[in-house]
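Here are my notes on this one, point by point. Have the structure open while you read.

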Amino acid sequence: MAEKQTDFSFRAYAWRQFKKNKPAKISMYVLLFLVVIAVLAPVIANDQPLFVKYKGQTLFPALSFATTAEFTDPETGEAVKIQYDITDWKQMELESVIWAPVTYSPGKTDLLNSDYVGPNDEQTFRDIDGDIIQMPTRFTHWLGTSKRGEDVMAGLIHGTRISLTIGILSMGIASFLGILLGALAGYFGDNKLRTTRGSFWTFVLGLIIAYYYAFMVRSYNLADALAKSGLAVGGQLLLSLLIFAAIAFVFYKLGQAIGRISFFSANVNIPVDSIISRIIEILISLPRLILIIAIAAIAKPSLVNLMIIIGLTAWTEIARFTRAEFLRIRNLEYIQAAQALGFSEFRIILKHALPNSLAPAFVAIAFGIAAAILIESGLSFLGIGVPHDVVTWGSLLFAGKENFSAWWLVIFPGLAIFITVTIYNLLGEGLRDALDPRLKK
C-alpha cells in the first residue's frame, strides 16, 4: 500500500505547528469573531430598524445608503418625509418591524435611563401613548448606560471596528516603512552599493535641500493640514514627498554628470545600513508614547491622523527584524545564483529575498497591532487624538472614571481591551514558534 505523500514544504510545516499551539489557534478564532463583529457593527447595533413597514411603505433604514425617505400617505394623501437618523422609531406606530440585535447606536442618548443605569437596575421606557412603563425586553440596555444614557453594548460593538481598524491600518503603514528600509539596510549593507564620489556627495546635498524645501519650507502647510483632517494630511504629505523625490532625482542626475569629472569619478561605498540604523536608533531613543501624545495634541482629533501618527512611529522594530533576516540570507546560494544570472538588484530583493525574510516581520506586526490598540485606547482615555463624538473603548473607560460605582463602564471596555490585546500577543507567540525552523521536531 502506497504511503500517503507528505508535504514537507515550510508553509505546510508552519501551519501544522501553528495548529498545535492551542492558545494561538483559539486566539485566531476569537480574532475572526471580532472581525465579524467589526464588519457587521451597523447591523448588530443600530437604533434604526433593519426592516420596517410604515404607512404601506417598505423601508430599510439601517441598511440604506439614503438618509431620508419621501412618500405619500395612502390614507390622507399627504406627503411624508422621514429622516432616518433623527427619527425616534420606537415611538412610531409601525405595521411590521425587524430590529437590530442591539436596538441602540453609539453616542445616542436615552434620557429616561441616563445617570448610570446598571445592567441589573430597573429601566424605563416611554411607549407610543407617552406612558412611562417598564423597559420591554426587546429594548433593554443589556450592559447598562453611561451618564448621558448611552448604551454601553452599542459602544463596545462599534468600538471593536475602530480599534481593529486603527491597529491594522497603522501597522500597515509601519510595515511598509519597516520592511522597505530594513530590506535596503540588510541587503546592501555599507559596502555593497557603490557609486562615484561626485554622485554620492551631490545626492547627499540634494537630499538635504530636498528635505528643506519639501518639509521645512512647507511646515506651515503640513501644520494646517494636521489641524484640518486626515485627508488633508495625506494630501500635503504626498505633495511634500513628490517635491522631495523630484529634487532628489534632479540632484541624482546632476551627480551622474559630476561623477564623470576625474577627481569625482573615484568609487565610494554608500553606507545604507549605517544611515538607516542611525535613524532607527534615534527613533528608539525617543519615548514613543510621549512623542505620539505630543503630535496628537497638536493635530486635529481624527482617526486618520491617529493611524498615521502611530504608523510613522512603529516601524523600527519591523525594520530591525527585516534587516537581520536580509543580513542572513543575502549570501545564501540562491541569492548568489540570481546575481550570477544577471538579475537586477530590485528583482532579487522583491522576488527572491523578501518572500523568504518576512516571517520575523509578521511576528513583529502581530505584536505591533496589539500595541497600537493599547495606544489608541490610552489616547481615547486621555481625550487626545480621537474626536469627542466617536465612541471607543478608551472613551468608555474615561466615562467610568467619573463614577467608580458604575462598574460596568470599567469592566466591559477593560475586558474588551484585555481580550483583544491578549489574542494578538498569543497570535504573535504562535507565529514566532511556528515560523522558527529550529523548533521543528
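1. Is F203 buried, partly exposed or exposed? This is a predicted model, and in it F203 has a relative accessible area of 30%. Because buried means under 20% and exposed over 50%, F203 counts as partly exposed. You'll find F203 in helix α5, which covers residues 197-216. Leaving out residues up to four places away in sequence, F203 touches A248 and Y252. F251 is worth a look too: F203 and F251 sit 48 residues apart in sequence, yet their C-alpha atoms are 5.5 Å apart in space.

2. T145 sits in the loop between β7 (132-134) and α4, and its relative accessible area is 0%. That value is under 20%, so T145 is buried. Setting aside neighbours within four places in sequence, T145 is in contact with N113, Y116, V117, E150, V152, W408 and L409.

3. Now the packing. The largest nonpolar core has 55 residues, and the members touching the most others are L156, L164, M171, Y187, I318, F326 and Y424. Helix α4 (residues 152-188) is the top contributor to this core, supplying ten residues. A separate core of 22 residues lies apart from it, with V52, V80, V102 and A154 among its members.

4. Beyond its neighbours within four places in sequence, F326 contacts A183, G186, Y187, I349, A353, L354 and S357.

5. Last, confidence. The mean pLDDT over the chain is 85, and 95% of the residues score at least 70. Confidence is highest in helix α2 (residues 22-39), at 93, and lowest in helix α6 (residues 219-226), at a mean of 72. Over residues 1-8 the pLDDT is below 50, and this stretch has two contacts in the model beyond near neighbours in sequence.

Key
Residues are numbered from 1 along each chain as its sequence is written. This is a predicted model: local features need pLDDT of at least 70, side-chain atom pairs count only at pLDDT 80 or more; totals for chains, interfaces and linings use all residues. Side-chain values use heavy atoms; hydrogens and water are left out. A nonpolar core is a set of buried Ala, Val, Leu, Ile, Met, Phe, Trp, Tyr and Cys residues joined through side-chain atoms within 4.5 Å. Buried means under 20% relative accessible area, exposed over 50%, partly exposed in between (1.4 Å probe, protein chains only). Helices (H or I, at least four residues) and strands (E, at least two) are DSSP runs, numbered from the N terminus. Contact means heavy atoms within 4.5 Å. pLDDT is the predictor's confidence in each residue, from 0 to 100.
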